[in-house]
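Visitor: Could you walk me through a few features of this one? I'd like to know how to read them.

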Amino acid sequence: GTERSAPMRAAPASVPPGQRVTGFRMRRTAMCLARAMRVAAQRAPCVTPAFRHAHASPRRNVFAATATSAEDTATSSTPWVPAPLAPVTSAYVHLPFCRRRCYYCDFAISVVGDNVESDQVRRGMEAYVDRLVREIHGTQIAPSTAAAVAVNGHSPQTDFPLRTVFFGGGTPSLVPPDLLEKVLDALREKFGLRSDAEVSIEMDPGTFDHAKLVGYLAIGVTRVSLGVQSFDPDTLQTAGRAHTVEEARVACGEVHKALKEAQASEQKQNKKSAKKYSWSLDLISGLPGSSNSTWRASLLEAVDKHPDHVSVYDLQIEEGTPFGRWYTSGVTPMPQEEDGATMFRDASFILGAENFEHYEVSSYAKPGKRCEHNQVYWNSGKQGWYAFGMAATSHVSSREQRVARPRKMKEWEAWVDAMSVDVATTSIAGDESDEKKNDEAKAEALLERLMLGLRTRDGVCLDSLAAEFGPNTPKEVLAVLKTQPPGLAVVVGADGNERDAVEFSPGEDFTNAAVRLTNPEGLMVSTEIISTLVARVLSLEAL
């Protein structure tokens, strides 16, 4: 869907609190998707399987078409072929180094200890970066980019340079600026890099000083994602974070000041395509021992630091982590489900009152300060991304499976040494000899469009659904949403006016309309709504 100017607001809700909290419990199973998609390989190569059996109810035909046209019948017998992606102009780079593993973390990392400045750690980082550079240079240009370049007759570097780069981890701010520069140089040489590209880096308090931060900005970093997680000292300690509250406060001040000065300098030079500097303050709700009062205090202090963006991730307890051995969701010292729902609402209300747009379940931004890179992930039906480094997953073709790199360092090193291309050889759709496989691929693609789109303020464009998956698909989706409690989803017309989805008839014209979940109530139960769509939308029957 296209961005609309109408404010995102909650429609009048009439759902009993107990039912709403049940939905919140289900939502926790996928709350960290935004971060998982950002690091692009900390989860499975495809984001859909976790939802295949999320709803046990039998499928019901809530939309019964009164007639089926010959065109619909012909379309249904034709193998589905996904539309090609736009030329790929984004890249994710995984830098796995961490001082220690936080108790909740199951990401692919390499623990280096506190002696980060040692020669041994430096040599390890240099070796990793050297292999990253080899991986970048050994990667083929995305098919959609190559096709567009063939038409234009120029080069990918000049026609479709990277417009977003994201350094995630791990703790990328442990890597010295000169090593990061080698990676950026390799990306620029291979793919091109716009002069005003959004170049993001995840940073942790206590891992950098003013000189190091200025060094990152000097090589081209324009956006910082600062992992504060909490301003409560007991909560930080319980989570196993390596930094203190005081270090977090110092880091916030340093980042805010340095990026403000960089932006002022950029504007003073009056460049035609000026860089846009910004920073995000990242928090985690639902940590053990946290309360509604400590959470609100962290939110209020976060606002006082004047970030351009705030990410609020709801803790998910992962198997194999210390938290997975120690705690159970909803059982003390973990917050109760009612408290978790209150924390979600508090984030929406407190940040909304400070002019932060709640543009994705976990993401809030000042006007014009959305994370451009993350929006590529949420629009994965149309846009793709390159990915490099241990555990990173690339998505460069709509016709091929995503390529997931190994999660272990030695295995990734061997993978790079043996790599040939960055495009999988197995087609995911368009195989006339395997109708079942084709149906599954189409259903998985539809589910991904719905799951990612409904997590965002922009929602899901109904015209796009019809064009890609058939004219009945939007009607099926609207019919299911019509059965949900009021106040959770709205249909947004081309004029920006909203109507509760329960009032919208599937037979009505939905040209230039989009459907989205309300803020905060609909977003809070997004997983429950998506699970219901899986169970009842006929176009998802192949899952």
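Guide: Helices (H or I, at least four residues) and strands (E, at least two) are DSSP runs, numbered from the N terminus. This is a predicted model, where local features need pLDDT of at least 70, side-chain atom pairs count only at pLDDT 80 or more, and totals for chains, interfaces and linings use all residues. Residues are numbered from 1 along each chain as its sequence is written, and side-chain values use heavy atoms, with hydrogens and water left out.

Visitor: How many helices and strands does the protein have?

Guide: The protein has 20 helices and 17 strands.

Visitor: Which element gives the largest share of the lining of the second largest cavity?

Guide: On a 1 Å grid over the protein atoms alone, a cavity is a set of points where a 1.4 Å probe fits but cannot get out, and lining residues have an atom within 4 Å of a point. Here α11 gives the largest share, 3 residues. Among the lining residues are Ser230, Asp232, Thr294 and Trp295.

Visitor: And where is Asp308?

Guide: Asp308 is in the loop between α11 (292-304) and β8 (309-314).

Visitor: Which side chain of opposite charge is nearest to Asp308?

Guide: Lys and Arg count as positive, Asp and Glu as negative; His and the chain ends are not counted. A salt bridge needs a side-chain nitrogen of Lys or Arg within 4 Å of a carboxyl oxygen of Asp or Glu. For Asp308 the nearest is Lys369, 4.5 Å away, and Asp308 has no salt bridge, yet is buried (under 20% relative accessible area, 1.4 Å probe, protein chains only). The Asp308 side chain does reach the backbone nitrogen of Trp279, at 3.0 Å.

Technical notes
Buried means under 20% relative accessible area, exposed over 50%, partly exposed in between (1.4 Å probe, protein chains only). A polar contact is a pair of N or O atoms within 3.5 Å; within protein, one must be able to donate a hydrogen and the other to accept it, and residues adjacent in sequence count only if both atoms are side-chain atoms. On a 1 Å grid over the protein atoms alone, a cavity is a set of points where a 1.4 Å probe fits but cannot get out, and a pocket is an open set with protein on both sides within 12 Å along at least five of seven lines; lining residues have an atom within 4 Å of a point.
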